[in-house]
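Subject: Structure for you to look through

Hello,

Here is the structure I said I would pass on.

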Amino acid sequence: MELLQNNQCFAGEQRIYRFASSTLKKDSKFGIFLPQQALTGQACPALFYLAGLTCNEETFAIKAHAQRLAAQLGLILITPDTSPRGDDVAKGDHWDLGQGAGFYINATQAPWAEHYQMQSFIVDELYSLVENEFNIAKGKVGIFGHSMGGHGALTLALKYPEKFKSVSAFAPICAPSQCPWGEKAFSNYLGEDRSIWLQHDATALLQEKGALFSDILIDQGLKDQFYSQLNPALFQEVCQQVGQKLTLREHQGYDHGYYFIQSFIDDHLQYHAVQLQP
């Protein structure tokens with residue numbers, strides 16, 4: 001790994017690393033906040049945060065204002081990029097496809113399949129890398145995200161409950177098979193067989209797998225300009241059907257952006273700290 005940036009922050013360190021990813025076949029960057037506890041040798045619980053469309057490995061670190069409470073709680077925060085990058089990596093025709101829009105799945109269709117293997121990158125390569133390199137408490141890893149990253153957090157948690165012990169989301173795309181963002185991404189990355197799409201759809205996965213977590217926390221703004229793409233009610237309905245406890249909090253006046261995330265980030269960190277406690 002190459003350390004690109006290191007800034008002291010609330011007695012911990014906010015870092016950006018670059019490394020050669022064998023999964024993405026490209027260099028990739030990730031951010032990590034290490035609280036003072038981790039820097040002084042204590043094993044700490046960790047949270048993967050998956051960002052939304054157009055974001056990168058640094059967006060959350062700059063905009064969410066999460067480090068203050070993470071430092072107090074002794075939480076490591078890991079922020080991967082949202083897609084592979086580079087001049088030889090396929091680009092989409094708009095901001096909702098291609099670079100900055102990897103959807104945290106493994107693409108199977110050309111020209112995407114060569115580099116767009118974000119699911120394996122997160123759950124295998126990056127997960128193992130940070131476990132080996134940093135003071136992460138064994139078995140104490142959670143995941144959360146926003147929008148496209150909320151979709152990623154929910155689906156990866158449901159697919160890999162042995163790796164992620166807690167899950168939450170801000171304004172997630174809950175049923176991507178049933179909205180324009182998901183239909184565009186899935187048809188390009190996965191082809192036209194909609195039965196394959198369901199393997200990457202949180203609502204469909206929950207229907208298949210049943211209740212896996214003691215709780216799932218979702219915050220949703222009711223002034224969200226993309227609300228019609230998100231479908232939290234569909235996810236809530238299936239949670240009720242399968243007996244999965246869901247804390248769905250809807251907030252008047254809040255939109256889709258990072259001011260919304262800033263407003264409720266402390267609740268999510270505290271929620272995960274309780275879920276991941278020894």
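Helices (H or I, at least four residues) and strands (E, at least two) are DSSP runs, and they are numbered from the N terminus. The model is predicted, so to speak of a local feature takes a pLDDT of at least 70 and side-chain atom pairs count only at pLDDT 80 or more, while totals for chains, interfaces and linings use all residues. Residues are numbered from 1 along each chain as its sequence is written, and side-chain values use heavy atoms, with hydrogens and water left out.

The sheet

Two strands pair if DSSP finds at least two bridges between them. Nine strands form an open sheet with mixed pairing, in the order E1-E2-E3-E5-E4-E6-E7-E8-E9. Strand E1 (2-9) and E9 are the edge strands, each pairing on one side only. On average, neighbouring strands of this sheet are turned by 20 degrees against each other, direction ignored. For such angles, axes are lines fitted to C-alpha atoms (for helices over the stretch in contact), and the angles run from 0 to 180 degrees between N-to-C directions.

Buried means under 20% relative accessible area, exposed over 50%, and partly exposed in between (1.4 Å probe, protein chains only). In a regular strand the side chains alternate between the two faces of the sheet. Ile216, Ile218 and Gln220 point one way from E8, and Leu217, Asp219 and Gly221 point the other way.

E8 has a parallel partner in strand E7 (residues 167-170), over three bridges, and Ser168 stands opposite Leu217. Six bridges join E8 to strand E9 (residues 246-251), again in parallel, and there Leu217 has Thr247 as its bridge partner.

Helix H5 (residues 148-159) lies across E4, E6, E7 and E8, at about 140 degrees to E6. Helix H11 (residues 258-275) lies across E4, E5, E6, E7, E8 and E9, at about 170 degrees to E7.

Backbone details

Tyr104 is found in the loop between E5 and H4. Its phi is near 55 degrees, a positive value in a residue other than glycine, and Tyr104 is buried, with a relative accessible area of 1%. Pro111 is found in the loop between E5 and helix H4 (118-133), and a cis peptide bond joins Ala110 and Pro111, with omega about 0 degrees.

His65 lies in the loop between H2 and helix H3 (67-73). His65 has a positive phi of about 60 degrees although it is not a glycine, and is partly exposed, with a relative accessible area of 48%.

On a 1 Å grid over the protein atoms alone, a cavity is a set of points where a 1.4 Å probe fits but cannot get out; a pocket is an open set with protein on both sides within 12 Å along at least five of seven lines, and lining residues have an atom within 4 Å of a point. Grid points are joined across faces, edges and corners, and a volume is the space filled by probe spheres set on the points.

The largest pocket has a volume of about 260 Å³. Of the 15 residues that line it, the closest to its centre are Leu53, Thr54, Cys55, His146 and His256.

Regards

Definitions and conventions:
Contact means heavy atoms within 4.5 Å.
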